[in-house]
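Please look over the sequence and the model below before reading on. The paragraphs that follow go from the overall fold to single residues.

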Amino acid sequence: MADHVPLILITNDDGIASPGLRAAVRAVHDLGDLLIVAPLRQQSGAGRSFLLVGDRSVHEQTILVDG
């Protein structure tokens, strides 16, 4: 069986800088390649709203994790 590295998706609605997101990344960073998707700022509850204005652009950011 060929070795393959799993791709792990981690996401939240608390923002890219949230402590919970960083904890999740630290917990699984050695298990595979990570793809982290999160809003720039906290968006909890935004799924129940209807947003017509505001910045919806996408920014790529590299997160370094202390092992």
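The model is a predicted one, in which local features need pLDDT of at least 70 and side-chain atom pairs count only at pLDDT 80 or more, whereas totals for chains, interfaces and linings use all residues. Residues are numbered from 1 along each chain as its sequence is written, and side-chain values use heavy atoms, with hydrogens and water left out.

The protein has one helix and two strands, and from the N terminus on these elements follow the order β-α-β. Contact means heavy atoms within 4.5 Å; among the contacts in the protein with a separation of 6 or more, 71% join residues 24 or more positions apart. Accessible areas come from the Shrake-Rupley method with a 1.4 Å probe, and for residues only the protein chains shown count as cover. The protein exposes about 5,700 Å², of which carbon and sulfur atoms supply 57%. A residue is called buried under 20% relative accessible area, exposed over 50%, and partly exposed in between (1.4 Å probe, protein chains only), and on this scale 13% of the 67 residues of the protein count as buried.

What makes up the interior? A nonpolar core is a set of buried Ala, Val, Leu, Ile, Met, Phe, Trp, Tyr and Cys residues joined through side-chain atoms within 4.5 Å, and the largest one has five residues, namely Ile8, Ile10, Ile16, Leu21 and Val25. The elements that give two or more residues to this core are β1 (7-11) and α1 (19-28). Isoleucine 10, a member of the core, touches Leu21, Ala24, Val25, Val28, Leu34, Leu35, Ile36 and Val37, when residues up to four places away in sequence are not counted.

Leu7, Leu9, Leu35 and Val37 make a nonpolar surface patch of about 400 Å², to which β1 and β2 (33-37) each supply at least two residues. Valine 37 counts as partly exposed because its relative accessibility is 43%.

Not counting residues up to four places away in sequence, asparagine 12 touches Ser18, Leu21, Val37, Ala38 and Pro39.

Proline 39 has its place in the segment after β2 and, at 23% relative accessibility, counts as partly exposed. With residues up to four places away in sequence again left out, proline 39 touches Asn12, Asp13, Gly15 and Ile16. Proline 39 and threonine 11 are 28 residues apart in sequence, and their C-alpha atoms are 8.9 Å apart in space. Histidine 59 also lies in the segment after β2, and histidine 59 is exposed because its relative accessible area is 55%.

Terms used:
Helix = DSSP H or I, 4+ residues; strand = E, 2+ residues; numbered from the N terminus. Patch = residues over 30% accessible without salt bridge, like charges linked within 9 Å, V, L, I, M, F, W, Y side chains within 5 Å. Salt bridge = Lys/Arg side-chain N within 4 Å of Asp/Glu carboxyl O.
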